[in-house]
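Subject: Handing over a structure, with notes

Dear colleague,

I am passing on to you the structure below, and I would be glad if you read my notes with the sequence and the 3D view side by side.

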Amino acid sequence: MLCVECGKREAKYEGLCEVCFLKKVKFTSLPQHMEVVKCPHCGAIKFKGEWKRLSEEDMLKELIMRNLETLHEYDSIDFDFETREYEGDIELHTMFHIKYKELEAKEEHYSIIHIKYESCPRCNRYFGNYFEAILQIRGTRENELESVVQYTHERLEHYAKKNENLFITKEEGKHGGWDIYISDKKEAKKVAEELCRKYGATLKESPSIVGRKDGKDVYRMTYSVRLPEYRVGDVVEVEGEYYSIEHVSGHFVKGISLKEGREKTFDARRHKINLLRKNGELEDATVIFSQDNEVQIMDKDYKTIDAISTRELKAGENVKIVRIDDNVYVVP
Ligand SMILES: [Zn+2]
Ligand SMILES: [Zn+2]
């Protein structure tokens with residue numbers, strides 16, 4: 001049978017030859033004008049009432065797929081596209097590649113995408129100074145606050161990747177510490193607890209009622225994280241014995257005894273840990289002589305002194321010492 005259109009070639013598709021079929025049939029249709037709603041603050045896109053955070057490329061792909069109308073049956077459709085800015089809108093050139101039986105067709109469409117701006121709910125909250133919790137950092141030593149705040153930011157950013165409603169509303173230095181206003185109290189608490197584990201800090205939670213919603217009180221939480229008095233490397237006294245702190249994790253403090261060299265772990269909730277010397281306050285000294293239990297060191301004033309050490313030392317070695325009562329201990 002010959003093509004009903006041209007009468008020259010064999011009819012293969014719906015009474016038409018390949019050439020006449022492709023001339024007559026259109027597979028795709030894409031509107032010449034499309035519109036997207038975009039948040040001017042964060043770039044989120046609203047699709048059918050739902051806000052999505054997409055890259056521009058993914059946004060355009062999604063827009064094309066949602067607006068594509070197919071006019072004829074096909075086996076597969078693929079597309080690529082190019083864009084150009086046009087007076088604040090986007091000019092979109094879409095190329096569809098269609099496969100249908102033995103045929104391959106290419107169809108092009110030109111569209112203008114108009115961008116409308118609307119602030120998304122998350123940004124509305126953000127710019128409305130919304131917060132549910134204040135995370136307070138207290139008890140840091142000199143030059144320590146910055147690194148603790150940085151760690152807190154890292155943890156908040158980590159959780160914000162999975163929770164777009166988590167953000168910092170504001171932050172400020174207060175009473176020698178730092179206050180961070182956070183949009184989500186559950187996430188704020190998680191981070192406060194992580195700070196406690198990492199720094200051996202204690203957590204105090206205090207709610208305050210800020211209003212009522214649907215017949216219930218609405219609470220705002222303050223999570224106050226207080227770092228302990230001691231740090232790794234400090235010399236402390238516990239139950240009359242002296243220790244150099246090796247490790248701190250949550251409530252647990254591991255120390256090494258200055259007199260006997262044995263390790264001991266204390267629970268800070270049960271033992272009073274008294275700070276004797278901060279790690280930065282330990283004195284430098286040089287070992288002069290060391291044999292068995294006899295150790296002599298030279299202090300920074302070039303005075304030779306007998307010292308107590310629980311580990312073997314070499315003459316000439318630089319060590320840290322601490323003077324307690326009338327004794328001089330080499331810090332292990
Ligand atoms: Zn034909
Ligand atoms: Zn937004």
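Met 59, Leu 60, Leu 63 and Ile 64 are the buried residues of helix α2, where a residue counts as buried if 20 or more other C-beta atoms lie within 10 Å of its own, as exposed if 12 or fewer do, and as partly exposed in between, with the C-beta atoms placed from the backbone. Seen down the axis of α2, these buried residues fall within an arc of 130°, so they line one face of the helix; the arc is that of the directions from the helix axis to the C-beta atoms. The face turned away from this buried side carries the exposed residues Glu 57, Asp 58, Met 65 and Arg 66. An α-helix has 3.6 residues a turn, so residues three or four places apart point the same way.

Please keep in mind that this is a predicted model, in which local features need pLDDT of at least 70 and side-chain atom pairs count only at pLDDT 80 or more, while totals for chains, interfaces and linings use all residues. Residues are numbered from 1 along each chain as its sequence is written, and chains are lettered from A and ligands numbered from 1 in the order in which they are written.

Helix α2 (residues 56–67) has twelve residues and reaches 16 Å from its first C-alpha to its last, close to the 16 Å expected at 1.5 Å a residue; the expected span is 1.5 Å times one less than the number of residues. Helices (H or I, at least four residues) and strands (E, at least two) are DSSP runs, numbered from the N terminus. The buried residues of α2 pack against β2 (33–38), β3 (45–47), β6 (76–86), β7 (89–100) and β8 (103–117), two residues being in contact if their C-beta atoms, placed from the backbone, lie within 7 Å.

Ile 77 lies in strand β6, and it is partly exposed, with 17 other C-beta atoms within 10 Å. Leaving aside its neighbours within four places in sequence, Ile 77 is in contact with Thr 28, Phe 96 and Ile 98. Ile 77 and Ala 105 are 28 residues apart in sequence, and their C-alpha atoms are 9.6 Å apart in space.

The domain assignment gives domain 1 (18–121), domain 2 (129–226) and domain 3 (235–330), with bounds that come from an automatic or database domain assignment. The centres of domain 1 and domain 2, taken over C-alpha atoms, are separated by 43 Å.

Now to the sheets. Five strands form an open sheet in the order β17-β16-β15-β14-β18, with antiparallel pairing, where two strands pair if DSSP finds at least two bridges between them. Strands β17 and β18 (274–277) stand at the edges with a single partner strand each, so one side of each is left without a neighbour in the sheet. Strand β15 (residues 241–249) pairs with β16 (residues 252–257) over six bridges, and Val 248 stands opposite Val 253 in β16. The hairpin of β15 and β16 has two residues between the strands, and Gly 250 in the turn has a positive phi of about 60°. Strand β16 also pairs with β17 (residues 263–267), over five bridges, and the bridge partner of Val 253 in β17 is Phe 266.

Five strands also form an open antiparallel sheet in the order β21-β20-β19-β22-β23, and its edge strands β21 (304–307) and β23 (327–330) each pair on one side only. Within it, β19 (residues 283–291) and β22 (residues 318–324) pair over four bridges, with Lys 320 in β22 as the bridge partner of Asp 284.

With kind regards
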